[in-house]
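User: I have a structure to go through and would like to know what stands behind each term. Please set the values against the definitions.

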Amino acid sequence: MNIALAGNPNTGKTSLFNTLTGSYEYVGNWTGVTVEKKVGVLKNKRGNLIDLPGIYSLNPLSRDEGVATHYLLYDDTSIILNIVDASQLERNLYLTIQLLEYGKPLVMGLNMIDVAKGRGVEIDDKLLAERLGCTVVPIVARTGKGCDVLAGKLSEQEERVNAPLVLDYGGNLEEAIARLTALLPADEKLPPGRWLALQFFEGNQLVKEMLTDYIPSSTLEGLYKETEHAVQSETKAKSMAHHIRKVRGNYIQALLACCVNDVEKIEYTLTDRIDNILTNKILGLPIFLLFAYLMFKLTFDWIGTPISDALDGFITGTLTDTLDGWLKAAGATEFIRALILQGIVAGVGGVIVFVPQIFILFFLISFIEDSGYMARVAMVMDKIMESIGLNGKAFIPMIIGFGCNVPGIMAARTIEQPKERLLTVILTPLMSCSARLTVYSLFVGAFFKQNQALIVLSLYLMGIILALTLAKLFSSTILKQQSSFFVIELPPYRIPQFRTLLKSTWEKGKGFVRKAGTFIFGGSVVIWLLTYAGPGGLNVEMNKSFLAMIGGVLAPILHPLGFGNWQAGAALLTGFLAKEVVVSTMNIIYAAPDLHTLQGVMADFFTPLSAYSFLAFILLYVPCLATVAVIRKETGSAKWTWFSVIYALVIAYIVSIIIYQGGRLLGLN
Amino acid sequence: MTLTDLHAGGKARIINTGQINELVQRRLLDLGIMEGSVVSIKRILPLGGPVAVEAKGQLIGIRRREAKMIQVEMA
């Protein structure tokens with residue numbers, strides 16, 4: 001049994017999904033966090049729940065929204081679970097009407113019933129259910145109230161056959177619907193003909209594509225034009241879409257008039273007051289920058305670094321000593337001991353040390369998403385983003401990109417304009433992700449002890465400024481715009497639940513831990529072997545190892561950037577796997593027993609200036625393997641994938657050479 | 001008059017959205033904002049930035065340029 005979970009953005013859809021399936025998905029309080037359809041198994045194991053992206057209507061504007069329509073068109077659905085925000089009933093019911101026209105058994109989760117009550121809105125859910133001919137269950141998805149009842153109702157639906165909701169769209173349109181459905185084959189496993197016809201006349205491109213499989217497109221277009229003309233002269237409506245919207249809107253109005261009792265109208269007063277400050281004319285942008293600064297302070301100075309230091313002490317001290325003791329007791333050979341302690345523990349441990357900082361950063365990003373501030377940031381940034389050929393929404397994938405570029409690039413699906421979306425996809429890798437953070441942390445600890453947060457912030461800003469500059473460049477040359485587009489819903493502010501924040505932090509951060517256990521582990525072994533072996537045999541001196549030879553090839557090219565040694569070359573090469581591998585490689589190459597020794601050793605190979613140049617290069621040089629894969633998938637184009645790799649390399653080289661050579665001219669070396 | 005002629009807090013009824021970009025029009029239609037809807041301006045961002053419009057209890061951000069093309073009358 002497949003149950004499709006559909007609803008407007010920001011209605012608590014993902015919370016409900018988590019409650020019903022027991023597993024956890026990523027929840028965020030800004031439009032479009034669910035970028036792909038996600039499947040979970042119901043707690044009673046009776047069926048699968050498919051979490052579709054939030055949509056206002058089945059007629060999609062963005063690729064993200066298309067996922068939901070596509071699902072209804074081509075996949076096998078038994079039941080639709082429609083989550084509805086009770087405090088926004090009128091708008092939410094618009095989607096419900098379209099889903100009821102689709103004709104599958106529908107269960108409505110009337111969510112945020114508590115918020116609605118607080119606003120003085122009373123809903124007669126029994127009457128609503130009777131009128132719509134579906135099951136309605138009042139719930140509070142955030143606390144789980146009513147969700148058990150809802151789950152029970154879902155299981156009851158299995159055997160039900162539902163007649164689709166039929167509204168009267170007026171003589172001309174009804175006639176055209178009849179004509180179109182008559183053209184459809186009866187035996188095929190298609191969605192209901194009336195629903196297809198209505199969606200087609202509303203201008204749904206995905207439905208049109210499907211219909212052309214059965215009906216010649218010239219016939220379709222002829223019918224469309226003829227009907228549009230007839231409907232316009234009959235109803236004086238501006239377009240067929242307007243007419244259809246109006247009919248549904250009138251039906252909803254009549255429904256609300258009998259089912260809803262609006263006692264008093266309190267409009268978002270708290271949200272208003274918060275917005276007065278956060279989107280203030282003068283203070284809006286500075287406040288955002290202050291939040292960004294606080295985020296970095298918390299991550300590095302106040303909480304993250306002390307925990308990371310403690311963890312480092314544990315790994316290099318207690319853990320290494322204990323392991324060494326066991327290995328000796330077990331009679332392990334010198335080779336095995338070296339492999340485990342200098343290869344795996346140094347390599348993986350070097351990355352694990354940064355887990356606290358990364359989790360704190362993810363926690364803060366989750367907080368911004370869940371609170372509703374993210375949508376405001378998009379709005380505050382829109383003017384700046386528009387001037388470089390993007391829109392405010394493009395800023396959100398970029399912020400998520402600070403955590404990890406992969407979900408950031410996927411979040412770009414909510415951008416409606418294809419060119420703006422492509423531009424966002426290829427520029428998001430310039431956002432400094434948490435993996436790169438590990439490299440910064442290592443270097444700032446060694447070379448910029450006094451100004452750690454400031455140096456790191458400067459790298460983040462460098463990424464942002466370059467992304468904005470390149471956006472302007474690309475959008476006025478190779479990616480010239482059609483008309484730009486920006487409409488964003490500003491959800492009311494909510495205080496995020498601590499439990500939700502913790503889970504969503506773990507969801508985002510677990511990939512990082514998994515990477516440490518898999519290919520950073522494997523990479524560490526390989527890198528260590530390459531340092532242990534050389535043309536002269538095993539256990540060679542590090543400078544005569546295979547890794548030194550490989551890195552040595554790159555050294556002359558890197559020389560003008562200030563880090564022309566084989567160690568840097570080797571670290572950069574391995575960093576393509578994942579940027580944090582750079583740290584593993586350095587730990588192994590410099591054979592440092594702990595973080596502080598490593599930072600001391602590095603002082604022999606880098607000056608503060610060349611270290612900064614190296615960090616800039618790390619920030620920009622090439623998106624990591626996983627990011628390249630997701631760019632390929634999201635753009636569907638090898639050309640644009642290559643483009644994003646090559647432009648990054650070129651920019652990295654130029655920026656680093658300017659930093660290093662410029663710095664030398666200024667006498668900073 | 002147009003939507004941008006309103007002060008923050010001002011209310012008006014939409015009489016024509018025909019001039020704005022078709023995609024914006026469709027999204028507004030999805031949100032139930034069309035001819036006949038009563039809207040109010042909640043916030044105006046500086047330097048020609050977006051405006052926050054309230055309609056039917058929801059808060060929507062749109063660009064100033066689009067707001068300028070929405071014709072309204074006093075409600």
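User: How many residue pairs are in polar contact between chain B and chain A?

Analyst: The count is 19 residue pairs, with both residues at pLDDT 80 or more. A polar contact is a pair of N or O atoms within 3.5 Å; within protein, one must be able to donate a hydrogen and the other to accept it, and residues adjacent in sequence count only if both atoms are side-chain atoms. This is a predicted model, in which local features need pLDDT of at least 70, side-chain atom pairs count only at pLDDT 80 or more, and totals for chains, interfaces and linings use all residues. Residues are numbered from 1 along each chain as its sequence is written, chains are lettered from A and ligands numbered from 1 in the order in which they are written, and side-chain values use heavy atoms, without hydrogens and water.

User: What makes a residue of chain B count as in contact with chain A?

Analyst: Contact means heavy atoms within 4.5 Å. By that rule, 37 residues of chain B are in contact with 42 residues of chain A.

User: Why is the pair A:Lys238 and B:Glu35 called a salt bridge?

Analyst: A salt bridge needs a side-chain nitrogen of Lys or Arg within 4 Å of a carboxyl oxygen of Asp or Glu. The closest N and O atoms of A:Lys238 and B:Glu35 are 2.9 Å apart, so the pair meets the definition.

User: What does the salt bridge of A:Asp324 and A:Arg337 tie together?

Analyst: Here the N to O distance is 2.9 Å. Helices (H or I, at least four residues) and strands (E, at least two) are DSSP runs, numbered from the N terminus.

User: How do you know that strand S9 of chain A and S4(B) pair?

Analyst: Two strands pair if DSSP finds at least two bridges between them. Strand S9 (residues 487-489) of chain A and S4(B) have three bridges, in the antiparallel sense, so they qualify. In S4(B), B:Gly61 is the bridge partner of A:Ile488.
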